[in-house]
Amino acid sequence: MLPTFLTACHSFKPGKEVKNHIEQELSERPTEPKVIVPLQMPSELTQSLLSSINNEQTISDDLSIKRFDVAANDVEIGAFFAGLTDDTPFSVAVHPEVNGTINLNLKSVTFNEVINVIKRMYPLDIVNEGRIVQVLPAKMRTETIPVNYLMMQRHGQSTVSVVAGGVSQFAQSGSGSSGSSSGNSNQQNSEFGGDNQSLDLNGSRIQTINKNDFWKELEVALKSLIGASDGRYVVASPQASLVTVNALPSEISQLKEFLRQSQENLQRQVILEAKIIEVTLKDEYQQGVNWERIASGLEGGISFATTAGSTISNSISAAIGGASSLTIQKGDFNGVINLLETQGDVQMLSNPRVTATNNQKAVIKVGQDEYFVTNVSSTTVTGTATTTSPEIDLTPFFSGIALDVTPQIDKYGSVILHVHPSVTETEEQLKVITLDDQRFELPLAQSNIRESDTVIRAQSGEIVVIGGLMQTSTQDEESKTPVLGDIPIFGNLFKSIRKRQEKKELIILIKPTVVMPDTWKKQQGESRQLLKTWYEN
């Protein structure tokens, strides 16, 4: 009974059985060919069907490959198509209202190429149905086109403000102000705590607004493309994901091409991997991370990134002690982190990863909201007895890490990123204010914020580095003689206190990977390799 009991209580050990199981799940499974049993059919029917299918397939392939010369000088349209389809299995039907002549001189073209040229050059509507070529006059017709996109409106906003503390202008916001100025005043007041006053504070402010209303903007664009004359119209149905248009055939072809390119651009995706790292610098690197030394240890090297319209040169970067953003050409997170460890203690604060579509904002937020007192007032009620009740306003303050990224992806795999990372630490502090010989203690929120807002460009697979976010902290270090230093009052003679200064630099590494047909297979391989590393350790 003892061996049986031990077998029932057996547990898997990490790195052995579980590793094989995960490896089996992540590895590609070979697809076994399915055996299809042919149906038993009469030989006469089979021969008849196969002969017709083979003939049609051979003709279609021959016409798509065969090239010939076309020379037509003022040839009537009906006669031109009759000659074009002569000695081919195709038939032509010309509408009675079609008239005019065709002038063409083409060399070494296929049948489909000739049809496409005629569609673009002449006001004709040519429709192919099986082996019949129909030539119709270019009249208004209605067509419904599917458009695959979500029915939603999306709005995003990110703001970075730096207030210098001085007030350069003070004005009352009058009731006769315009709507735009009133809106700006309200936004400014809500940010700086005003109610009915407009403050113009010294400092700088960057506000980025992202608004997406695809279906509304699409309908406006299509109406501008088609117009509204002679009965033309465009109707967009977001709920059904359809666009109905009434226009000429050539105009409908242009509209289809516009929708095709629009959907192709909108459906591009990028995988954004980020590493938010805090480096406690060693004594010899108190001015910041030395990226020149890190570049010498990387295989691909480092190139200075371009921001919105400006390039940071190496000479300027050397003069100011380092660049605010740069690009690592061969993206290897482990290599960069290992080199950073040579210049200080590295702490990984966050390792977010998100997939975003083209021109869509992605936000990652890790932390907690804490409520602090922002306003205290009292309400006095007078009646048979006077009562005073306090009113306390609580406001949430975020403490943690937030990353706001908006990508723009082109067809060559280049990505323009609007990046807004921030690391916030909020704690409560007591503020003492004396008014009329009365001492008030106010519990206020104190925030330590390190953030950046920039626009950068990188190729797929490169690592973008945002650095230079420094923080200096001072701590008291106490050294004392054992036993004697613990004696009250007299123990101060046997102890010493010195201030220790510590510098930390916040570094954000972002790696965009544009989603290609084989991207997910590569990501699966990287995950499998990462799991192997974990279980080996």
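I began with α7, which lies across β9 and β10 and runs at about 165° to β9. Angles here run from 0 to 180 degrees between N-to-C directions, with axes as lines fitted to C-alpha atoms, for helices over the stretch in contact. I then looked at α8, which packs on the sheet, touches β6 and β10, and makes about 10° with the direction of β6. Contact means heavy atoms within 4.5 Å.

I noted the ground rules next. The model is predicted, so local features need pLDDT of at least 70 and side-chain atom pairs count only at pLDDT 80 or more, while totals for chains, interfaces and linings use all residues. Residues are numbered from 1 along each chain as its sequence is written, and side-chain values use heavy atoms, with hydrogens and water left out. Helices (H or I, at least four residues) and strands (E, at least two) are DSSP runs, numbered from the N terminus.

**The sheet.** I traced an open sheet of 3 strands in the order β6-β10-β9, with antiparallel pairing. Two strands pair if DSSP finds at least two bridges between them. β6 and β9 stand at the edges with a single partner strand each, so one side of each has no neighbour in the sheet. The twist averages 15° from one strand to the next. I found 5 bridges between β9 and β10, in the antiparallel sense. Val234 has Val245 in β10 as its bridge partner.

**Helix α8.** I checked its length. α8 (residues 249-266) has 18 residues and reaches 26 Å from first C-alpha to last, close to the 26 Å expected at 1.5 Å a residue. The expected span is 1.5 Å times one less than the number of residues. Which residues of α8 are buried? I listed Pro249, Glu251, Ile252, Leu255, Leu259, Ser262 and Gln263. They cover an arc of only 150° around the axis, which puts them on the same side of α8. The arc is that of the directions from the helix axis to the C-beta atoms. Buried means under 20% relative accessible area, exposed over 50%, and partly exposed in between (1.4 Å probe, protein chains only). The cover over these residues includes β4 (124-129), β6 (141-146), α7 (214-226) and β10 (242-247).

**Helix α4.** I moved to residues 77-84, where Ile77, Gly78, Phe80, Phe81 and Leu84 are buried. Down the axis of α4, its buried residues fall within an arc of 160°, so they line one face of the helix. They pack against β1, β2 (91-94), β3, α5 (111-121), β4 and β5 (132-137). At the start of α4, a side-chain oxygen of Glu76 comes within 2.9 Å of the backbone nitrogen of Gly78.

**Ile102.** I located Ile102 in strand β3 (residues 101-109). Ile102 is buried, at 0% relative accessible area. Leaving out residues up to four places away in sequence, I saw Ile102 touch Ala72, Asn73, Asp74, Val75, Ile77, Phe80, Phe81, Ile118 and Tyr122. Ile102 and Ala79 are 23 residues apart in sequence and 9.7 Å apart in space, C-alpha to C-alpha.

**Positive phi.** I looked at two aspartates. Asp74 has a positive phi of about 55° although it is not a glycine. Asp74 lies in strand β1 (residues 68-76). Asp230, also not a glycine, has a positive phi near 55°. Asp230 sits in the loop between α7 and β9 (233-237). Is Asp230 buried or exposed? I have Asp230 as exposed, at 66% relative accessibility.

Technical notes
A polar contact is a pair of N or O atoms within 3.5 Å; within protein, one must be able to donate a hydrogen and the other to accept it, and residues adjacent in sequence count only if both atoms are side-chain atoms.
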